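Please keep the sequence and the model in view while reading.

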Amino acid sequence: MREKVVVFTGAGVSAESGLRTFRDMGGYWREYSIESVASPEGWKAKPQAVLEFYNERRKAVLAASPNAAHVAISALEAQFDVVVITQNIDDLHERAGSTKVMHVHGEILKARSSVDPSLIYPLATPTLEMGQLCGHGSQLRPDVVWFGEPVRFMAEAAMAFASASKILTIGTSLSVYPAAGLVSEARPSAEKCLVAPEIDDPPPGHHFFRGKAARIVPHIASCWLEGRRPW
Ligand code: OAD
């Protein structure tokens with residue numbers, strides 16, 4: 001049986017691919033309010049503005065490419081049973097070659113019915129416009145999880161954390177729950193690494209690697225592939 005590895009990612013893993021994070025300088029939540037573009041209330045009040053916000057983000061994702069961190073994560077599959085649990089709505093893990101990716105906050109390259117969350121469509125165009133309807137005749141919205149909505153795959157993600165012997169958490173402020181709470185599902189004996197340029201309070205038992213993902217993640221991945229500790 002192959003050793004189980006969980007890679008848990010946030011916006012910082014895609015920062016060096018040119019995608020904005022949320023809470024850093026230049027992050028989305030420094031420019032937009034969460035209520036206006038990432039809540040059911042914002043959608044109800046100004047759907048056009050919400051579609052425009054995600055149209056811009058979708059264009060940025062389509063123009064971006066995976067960076068060395070995404071590639072190193074996918075390379076771990078050569079030797080380990082790897083599950084990537086991502087808070088990101090981009091598809092850079094998949095494009096780098098990762099085969100098991102759980103998008104707990106949804107996916108920007110999909111649209112969904114605004115009346116039936118189970119009705120999901122791949123988006124063939126970079127933009128989603130008012131008047132594009134689901135099979136029930138209701139407006140399509142981005143297939144992303146907004147504040148106040150249920151986060152996806154939490155039970156499976158918690159099980160993956162609890163059964164992994166190595167956990168690599170990258171580029172997340174660990175400030176949005178319930179996703180951030182997944183790190184506490186890890187076994188005390190699991191080898192746990194956390195990568196970020198800075199973090200206020202690394203969770204207990206984690207080896208903190210201060211720096212950017214594209215430099216540090218390939219180092220950790222190659223150590224694990226060679227059977228060495230990365231610190
Ligand atoms: P944040 O913006 O909260 O945190 C990004 C983290 O990445 C910070 O700790 C940065 O220091 C770090 N970072 C920045 N550049 C990096 C780099 N090059 N390499 C490694 N780390 C880097 O983003 P998330 O934690 O992903 O949810 O945010 C969580 C959720 O909040 C998002 O999924 C989104 C947002 O609201 C929804 O929209 C539902």
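Three strands make up an open sheet with antiparallel pairing, in the order 5-4-6. Strand 5 (120-122) and strand 6 (140-144) are at the edges with a single partner strand each, so one side of each has no neighbour in the sheet. On average, neighbouring strands of this sheet are turned by 45° against each other, direction ignored. Helices (H or I, at least four residues) and strands (E, at least two) are DSSP runs, numbered from the N terminus. Two strands pair if DSSP finds at least two bridges between them. Axes are lines fitted to C-alpha atoms, for helices over the stretch in contact, and angles between N-to-C directions run from 0 to 180 degrees.

Strand 4 (residues 106-113) and strand 6 run antiparallel and are joined by five bridges. Within this pairing, A111 stands opposite P142 in strand 6. Helix 4 packs on the sheet and touches strand 4 and strand 6; contact means heavy atoms within 4.5 Å. The direction of helix 4 makes about 140° with that of strand 4.

## Basis of the model

This is a predicted model, in which local features need pLDDT of at least 70 and side-chain atom pairs count only at pLDDT 80 or more, while totals for chains, interfaces and linings use all residues. Residues are numbered from 1 along each chain as its sequence is written, and side-chain values use heavy atoms, with hydrogens and water left out.

Another open sheet has six strands in the order 3-2-1-7-8-9, and the pairing is parallel. Its edge strands, strand 3 (101-103) and strand 9 (206-210), each pair on one side only. Neighbouring strands here are turned by 15° against each other on average, direction ignored.

Five bridges pair strand 1 (residues 4-9) with strand 7 (residues 166-170) in the parallel sense. V5 stands opposite K166 in strand 7.

## Two packed helices

Two packed helices are described by the angle between their axes and the distance between the axes. How do the axes of helix 5 and helix 8 cross? The axes of helix 5 (residues 68-75) and helix 8 (residues 213-225) come within 7 Å and cross at roughly 15°. The two helices are therefore roughly parallel to each other (angles under 35 degrees count as roughly parallel, over 145 as roughly antiparallel, 65 to 115 as roughly perpendicular and the rest as oblique).

In helix 5, A68, A69, A72, I73 and A75 meet A213, A214, V217, P218, A221 and L225 of helix 8. By class, this contact has eleven nonpolar residues, no polar and no charged ones. Ala, Val, Leu, Ile, Met, Phe, Trp, Tyr, Cys and Pro count as nonpolar, Asp, Glu, Lys and Arg as charged, and the others, Gly among them, as polar.

## Backbone details in loops

Which residues does a cis peptide bond join? The cis bond is between Y177 and P178, with omega about 10°. P178 lies in the loop between strand 7 and strand 8 (191-196).

F153 is not a glycine, yet has a positive phi of about 55°. This residue is found in the loop between strand 6 and helix 7 (154-163).
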